[in-house]
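Walk through this model one contact at a time. Keep the viewer open and follow the helices, then the domains, then the ligand.

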Amino acid sequence: PPQMRAITARLGDAFAQHGAELYLVGGSVRDLLLGQPVTDLDFATSAEPELTKAAGAAAGADSVYTVGEQFGTVGFVFDGVSVEITTYREEHYPTPDRRPKVRLGTDLVGDLSRRDFTINAIAVDARDGTVHDPFGGLDDLERRIIRAVGDPKARFAEDPLRILRAARFAAQLDFRVDRRTLAAMRAMGPQLERISRERIAAELNRLLIAPAAARGLALLHETDLLRWVLPEVVPMAEDTGAGRHKDIWLHTLRVVEQSPPRLAVRWAALLHDAAKPMTRSVDARGEVHFFGHERVGADLARKALRRLKQERALIDRVAGLVEMHLRPASYDSTWTDSAVRRLMLEAGDLWDDLLDLAAADVTSARAHRQREAARRIAALREHARRLEEEHALAQLQSPLDGHELMAMFGRPPGRWIGEVKDHLRELVIDGVLAPDDKEGARAEALRWMAEHGDV
Ligand code: ATP
Ligand code: MG
């Protein structure tokens with residue numbers, strides 16, 4: 001893109017005038033070469049931070065900020081584009097259980113060789129666009145392959161998070177993983193115990209909302225990594241099943257793939273059937289039943305997401321979706337307005353996610369069944385939309401408030417007010433009373449008080 005090109009060239013010249021090398025590196029090179037949108041630029045330089053600041057200012061930066069001076073990174077903003085420039089680094093690992101010691105490096109190839117995958121280890125000279133690709137990253141981009149730089153086992157041993165990064169990039173880019181890298185992922189899985197749950201969760205989240213999330217999940221399963229990062233789904237992934245429900249895992253991958261790339265929906269898609277293996281029973285006629293798998297599944301989802309230290313709001317949302325995921329599928333033409341309103345009220349702000357999840361959950365191999373199920377969800381969506389047009393859900397309140405009721409009956413405040421209001425609200429939800437029908441509400445209140453006035 002012209003803007004990125006202009007910023008890069010300007011910086012390249014300024015650094016050259018300060019006697020320093022400057023290369024575009026890492027994810028920004030990868031994404032530019034793939035033709036994907038790039039919002040910020042990462043550079044590597046031979047300059048040390050003081051010189052980097054001077055050269056950045058000479059290139060006309062709008063502002064400078066410190067990213068982590070001890071890591072040699074200086075941040076700038078150019079015309080709204082965020083730019084990070086890092087002094088060449090080399091990392092070494094004094095002991096396997098320690099964070100790497102970072103030290104300043106001396107040259108570009110040294111800097112590229114510490115990077116995780118070949119597609120992330122390509123550099124472009126900021127001045128003239130010359131490409132430096134010592135590890136064959138261009139080839140791997142072309143062939144759509146994730147390959148570790150150097151010996152994959154050694155690289156995963158240095159930093160086991162790279163194992164998950166491999167799966168995450170495969171999901172984001174829809175790439176395959178090179179054979180040796182794949183074997184190392186499997187072999188080094190136990191090392192993931194050294195990685196904090198928060199960092200594992202962050203990678204899983206990015207994998208799940210990626211375009212090829214199903215591929216990433218399949219990869220985690222094939223490499224036996226699920227047991228280290230998401231043991232809660234292992235029974236489902238390994239389920240050999242009974243009767244016609246033998247492909248829970250394949251079904252799950254399809255639901256993930258068919259659901260919109262929003263975090264809560266994707267997590268719910270992954271976990272919605274996770275409790276099936278432990279709730280299955282087979283009756284005398286050989287029919288398979290699942291008793292309350294959605295409720296057990298909601299507990300399991302909570303447990304898994306809590307263990308991963310996910311945010312409270314996400315945990316609640318996913319558990320709610322798993323618990324309710326079967327409800328929309330039972331919709332048919334016998335549902336009254338009030339039945340739909342009740343489901344909407346129960347779902348609250350999960351409603352849109354719930355319908356999207358239920359729509360994605362339709363994976364029947366038989367075309368007519370698939371169509372029929374999809375039609376139901378669409379009809380429910382439409383029914384709900386129609387109701388919302390008539391009355392916003394928030395309006396489904398008792399037409400009379402506490403003051404009006406006290407004035408009407410000449411009684412002091414008390415428990416009776418809440419009970420009358422609940423009764424009136426039920427009638428509104430059922431469509432017997434309009435939310436603004438105070439006249440009708442008074443008649444109903446009189447009737448109710450005549451029967452229950454002793455509260
Ligand atoms: P994205 O920002 O989309 O996740 P990215 O490639 O920019 O992709 P970052 O985590 O921002 O990923 O890292 C920037 C670059 O730093 C990577 O492209 C890679 O070269 C290097 N890098 C990041 N994390 C590691 C790691 N754990 N081990 C080795 N190199 C890494
Ligand atoms: Mg990045």
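Helix H7 (residues 161–173) and H10 pack at an angle of about 150°, and their axes lie 7 Å apart. The model is a predicted one. Angles over 145 degrees count as roughly antiparallel, so H7 runs roughly antiparallel to H10. The crossing of H7 and H10 is right-handed. From H7, the contact takes Ala167, Arg168, Ala170 and Ala171. From H10, the contact takes Ala213, Arg215, Gly216, Leu219 and Leu220. By class, the residues of this contact divide into six nonpolar, one polar and two charged.

Helix H10 (residues 213–222) packs with helix H13 (residues 248–258) at an angle of about 150°. The axes of H10 and H13 are 8 Å apart. That angle makes H10 roughly antiparallel to H13. On the H10 side, Ala213, Ala214, Leu217 and Ala218 make the contact. On the H13 side, Leu253, Val256 and Glu257 make the contact. The contact of H10 with H13 has six nonpolar residues, no polar ones and one charged one. Ala213 of H10 is listed in the contact with H7, and Ala213 is listed in the contact with H13.

Now go on from H13 to H14. The axes of H13 and helix H14 (residues 263–271) come within 8 Å and cross at roughly 165°. H13 and H14 are therefore roughly antiparallel to each other. The crossing of H13 and H14 is right-handed. Thr252, Val255 and Val256 of H13 meet Arg266, Ala269 and Leu270 of H14. The residues of the contact of H13 with H14 divide into four nonpolar, one polar and one charged.

Step back to the domains. The protein is divided into domain 1 (2–143), domain 2 (144–229), domain 3 (256–390) and domain 4 (394–452). Take domain 3 and domain 4. Their centres, taken over C-alpha atoms, are separated by 34 Å. Four residues of domain 3 are in contact with four residues of domain 4. Which classes make up the side of domain 3 that touches domain 4? That side has no nonpolar, one polar and three charged residues.

Finish at the ligand. Which residues are around ligand 1? They are Gly26, Gly27, Arg115, Asp116, Asn120, Ala121, Asp159, Leu161 and Arg162. By class, the shell has two nonpolar, three polar and four charged residues. Both domain 1 (2–143) and domain 2 (144–229) contribute to the shell, with at least three residues from each. Leu161 and Arg162 belong to the shell, and H7 covers residues 161–173.

Methods:
Residues are numbered from 1 along each chain as its sequence is written. Chains are lettered from A and ligands numbered from 1 in the order in which they are written. This is a predicted model: local features need pLDDT of at least 70, side-chain atom pairs count only at pLDDT 80 or more; totals for chains, interfaces and linings use all residues. A residue is near a molecule or strand if its C-beta atom, placed from the backbone, lies within 6 Å of it. Ala, Val, Leu, Ile, Met, Phe, Trp, Tyr, Cys and Pro count as nonpolar, Asp, Glu, Lys and Arg as charged, and the others, Gly among them, as polar. Domain bounds come from an automatic or database domain assignment. Axes are lines fitted to C-alpha atoms, for helices over the stretch in contact, and angles run from 0 to 180 degrees between N-to-C directions. Helices (H or I, at least four residues) and strands (E, at least two) are DSSP runs, numbered from the N terminus. Angles under 35 degrees count as roughly parallel, over 145 as roughly antiparallel, 65 to 115 as roughly perpendicular and the rest as oblique. Two residues are in contact if their C-beta atoms, placed from the backbone, lie within 7 Å. A crossing is left-handed if the near helix is turned anticlockwise from the far one by less than a right angle, and right-handed if clockwise.
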